[in-house]
Amino acid sequence: MNCQTISSGPLKFSNRPLKMMVLAFLGFTLAAAALSMAGKMGYIESALLKRALGLIIGAMVIIIGNALPKARPLNAPGVNPPGPAAGAERFAGWILVVVGMAYIALFAFAPLDEARRISAVLGIGAMIYIAASWAWMARGLVWGGREESLADRERAAGKRKLILPLLLAFCYVLSTASMVVLVHNRHLVEEIGWWMFLGFLMLYAGLRVVLDRKRCVS
Amino acid sequence: MSRVFKALSDPTRRRVLELLRQRPMSAGDLADHFDVSKPAMSAHFAVLREAGLIDSQKHGKSVIYELQMSVLEDALLGFAQAFGWKLQESKSTKRKTLNREVFNS
């Protein structure tokens, strides 16, 4: 029996859609942080700030959703069946693009309170649906999956090194933004936010361990 | 983006993308669906790969192609299929494709 650990080699930043997703995430997060600072310093009034943040999150969701099927986050040879996995990625991308467009329409035209409530529900609903469908797709992790060549798995692992933390960070930002709207108690928001941060970190560590574990070929 | 429009302008290439939507396929499996010579089919694959719409991996002796389209490109393909776009390829592009076919055969 031959057992091998997947090594992804040095991190390559040459994948264009992945690069676009990372830059969009960092750019929009920085823009949102800068706007929040400006709001706290009194340069922007509260309602305008909330609308601007909603538009920024909407744009980020559209760009990440658009590039998602191209970045192939579910490409894990030996774990996911390639056809259905690509289909799940494509569907998730479409959902995020539609949700992002809804965010922009809501924050541009709807009354602010309605926009915040509906967008929070849409964001959380989309994330839960995508997470559930992807978890179902990755059920090969539990059953053991098929054996694939080491080269294929290493190629996929190289891409995963960047896409996994990026998607988890994106989900964290989106779920925190939605939670701030839905939960009005500031102390509770901070506490839940901290637990969510820990949860996402543990999920990342768990996924890395499971996806890069030793596989034995008899 | 012009590469994407060029790739989507041809009905054969659109059909290839439609087939790859179902599952990744080898070059031979894809070629079986068309009444086109192998060099011409290779030229179509090259155009799609250049546009970043498909990705290829070598599995032993065969090359497996799989779809790699963003949501926007997917929507463009849907529009092209629905309205049957047939964009004009430039003369130079046609000449290049023809030269490649003659060279390969």
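## Salt bridges, rings and a chain interface

Arg117(A) has a relative accessible area of 44% and is therefore partly exposed, where buried stands for under 20% relative accessible area, exposed for over 50%, and partly exposed for what lies in between (1.4 Å probe, protein chains only). The model is predicted, so that local features need pLDDT of at least 70 and side-chain atom pairs count only at pLDDT 80 or more, while totals for chains, interfaces and linings use all residues. Residues are numbered from 1 along each chain as its sequence is written, chains are lettered from A in the order in which they are written, and side-chain values use heavy atoms, with hydrogens and water left out.

**Salt bridges**

Arg117(A) forms a salt bridge with Glu114(A), a term for a side-chain nitrogen of Lys or Arg within 4 Å of a carboxyl oxygen of Asp or Glu. Because Glu114(A) and Arg117(A) are three residues apart in helix H4 of chain A, about one helical turn separates them; helices (H or I, at least four residues) and strands (E, at least two) are DSSP runs, numbered from the N terminus. Glu114(A), with a relative accessible area of 38%, is partly exposed. Over all chains, a search of the whole structure finds five salt bridges, and the table gives some of them.

| Pair | Closest N to O |
|---|---|
| Glu114(A) and Arg117(A) | 3.3 Å |

Asp74(B) counts as buried at 6% relative accessibility, whereas Arg21(B) is partly exposed at 27%. Through shared partners, salt bridges join Arg90(A), Glu18(B), Arg21(B) and Asp74(B) into one network.

**The interface**

Between chain B and chain A the count is two salt bridges, and one of them pairs Asp74(B) with Arg90(A). Helix H2 (11–22), strand E2 (54–59), strand E3 (62–67) and helix H5 (71–83) of chain B each supply at least two residues of the side that touches chain A, and the largest share, five residues, comes from H5(B). The contact (heavy atoms within 4.5 Å) takes 19 residues from chain B and 15 residues from chain A. About 1400 Å² is buried between the two chains, with carbon and sulfur atoms giving 47% of that area; buried area is the accessible area (1.4 Å probe) that two parts lose on being put together, summed over both.

**Aromatic rings**

The structure holds six aromatic pairs over all chains. Rings of Phe, Tyr and Trp (its six-membered ring) pair if their centres lie within 6.5 Å, and planes under 30 degrees apart count as stacked, over 60 as edge-to-face and the rest as tilted. The rings of Phe91(A) and Tyr129(A) form an edge-to-face pair, because their planes are at 75°, with the centres 6.0 Å apart. This pair links distant parts of the chain, as Phe91(A) is in helix H3 (residues 82–109) and Tyr129(A) in helix H4 (residues 112–137) of chain A, 38 residues apart. Phe91(A) is partly exposed at 47% relative accessibility, and Tyr129(A) is partly exposed at 43%. Ring pairs also link Tyr172(A), Trp194(A), Phe197(A) and Phe200(A) into a cluster.
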